[in-house]
Amino acid sequence: MNKTIRRASVFTLLLVLALLGRATWVQFYDGKALADDNDNRRNAIETYSRPLGNIIVAGDAITGSTRTKGSDLAYKRTYKNGSLYAAVTGYASQAYAPTQLEGIYSDLLNGTDPQLKTVMDTVTGRRAEPGNVLTTIDPAVQKAAYRALGGNKGAAVAIDPKTGKILAAVSTPSYDPASLTDANTAGKAWKSLTTDKDKPLANRALRQPLPPGSTFKLVVAAAALEDGLYKNVDVPTDSPDPYTLPGTVRELPNESKSAPCRNAPIREALRYSCNNVFGHMAVQLGQDKVRAMAEKFGFNDQERDVPVRAYASVYPSDMDEAQTALSGIGQFDVTATPLQMAMVSAAIANGGKLVSPHMVSQITDSGGEVLKDYDDGADSEEVVSSTTAEQLQSAMETVVKDGTGTNALIDGVTVGGKTGTAQHGENNSKTPYAWFTSYGKSDGNGKEVAVAVMVEQSDAARSEVSGNGLAAPVAKAMMQAALK
């Protein structure tokens, strides 16, 4: 063999070996990455080759699947009362990544979760039958919140204090997830939803922290009682009125100039929502003690899964005394979600113990066999002592009976609550946020519920925006539905 042929043969052999090496690399190393790539249409074809599993509320499926026409994606997702449950389900779309429970449990719902595989599935490599997600949502409470919020921009959450079950999670304005399910029509709906100034895709219940205003005073009061700064809610406080923010000439005003806020006990300070009392109290305690209490209630938790990842509610660090005073009334850089403020009321109502909130009860296989039970042994933590909890319950009940929260009164129910009106915009130039957090305990059947409502924007005149006027009626409707 001459030299030229020999060199050509060696070069050709090297090319063949390179091709074999590359094929082996792609097959065994890059194969899974390519298979899992979102741009690999085979995944979508496989996912939607048959009906998905369902999300269940009170025994009824609120999702479904329907056959498509003229598409290589055989099925698409459908929703029952989609706008009502959008903050819970999210969406499963042929065009966009799934969100909320649809996203978290996508493998379970499409049959690729390893928990679903039988021995035969493993042997044959066949995809398992899809599983189902059973939620803790109470449809009556969900509907009550949705209807009561009406055309307002806002959110509401209800929790069973004893079990941590989330009974309702509503965000308005909402959207219909069905508008995003079909790849052929989803683009137009997506553009409309993402450019809407009211942000209907935002989950305000779990993922939009805003200043909580005076509802945060419950946290400061809890810190003062636990610290021993004040022995009970009826001991006079050291609270000058007017109170000048430390290091400034600015006075911290009270909403009602005639309210008896000078040296007011915690009960009366919550009843009249005295800013001077809680601003000064936060400075007396110091930001570290207030922060420690806030974190016991759940603030600054970056990994709060319900199982949807909730955005962290924040109590800030590195404040001066004037900023600490403002933090004591739920302003400055303090933020909270409705979920967080419902957790505050839930812990107080439950004797000081906070049970981890969750909106999924169980996940099952296609035959109904339970794969995981989230209600079994839900974590609980003592936030405050039972004595402190009883003191705060008593004060919150005064707020509703004879204070700023009278719109939450319900016959035959013991209701405790706290209103809040949070400033918004530079120099309070924008419409304030209206808050109300509460608990209700039925005097007849022993049921309990904790609620938080936030109204971000409404048609009410600025002078009419208040927690009692806008948020308390929503909370009342939710508590009535939960305690039947």
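**Entry 1, the cavity lining.** I began with the lining of the largest cavity in this predicted model, and I found it made up of G298, D301, R304, A310, Y311, A312, S313, T337, L339, Q340 and M343. For my own record, a cavity is a set of points, on a 1 Å grid over the protein atoms alone, where a 1.4 Å probe fits but cannot get out, and a lining residue has an atom within 4 Å of a point. Sorted by kind, the lining residues divide into five nonpolar, four polar and two charged, where Ala, Val, Leu, Ile, Met, Phe, Trp, Tyr, Cys and Pro count as nonpolar, Asp, Glu, Lys and Arg as charged, and the others, Gly among them, as polar. Helix α15 (residues 338-349) gives the most to this lining, with three residues; helices (H or I, at least four residues) and strands (E, at least two) are DSSP runs, numbered from the N terminus. I noted a volume of about 60 Å³ for the largest cavity, a volume being the space filled by probe spheres set on the points, which are joined across faces, edges and corners.

Residues are numbered from 1 along each chain as its sequence is written, and side-chain values use heavy atoms, with hydrogens and water left out. Local features need pLDDT of at least 70 and side-chain atom pairs count only at pLDDT 80 or more, whereas totals for chains, interfaces and linings use all residues.

I then looked up T364, which lies in strand β13 (residues 360-364). With 4% relative accessibility, T364 counts as buried (buried is under 20% relative accessible area, exposed over 50%, partly exposed in between, with a 1.4 Å probe and protein chains only). Setting aside neighbours within four places in sequence, I listed its contacts (heavy atoms within 4.5 Å) as L108, L116, G131, N132, L134, E369, V370 and L371.

I found five aromatic pairs in the structure; rings of Phe, Tyr and Trp (its six-membered ring) pair if their centres lie within 6.5 Å, and planes under 30 degrees apart count as stacked, over 60 as edge-to-face and the rest as tilted. Y91 sits in the loop between α3 (82-89) and α4 (100-104) and W190 in helix α8 (residues 186-195), 99 residues apart. Y91 is buried at 5%, while W190 is partly exposed at 27%. Y96 and W190 are stacked, 4.4 Å centre to centre with 20 degrees between the planes.

Note on methods: 1 Å grid on protein atoms, 1.4 Å probe; cavity = no way out; pocket = protein on both sides within 12 Å on 5 of 7 lines; lining within 4 Å.
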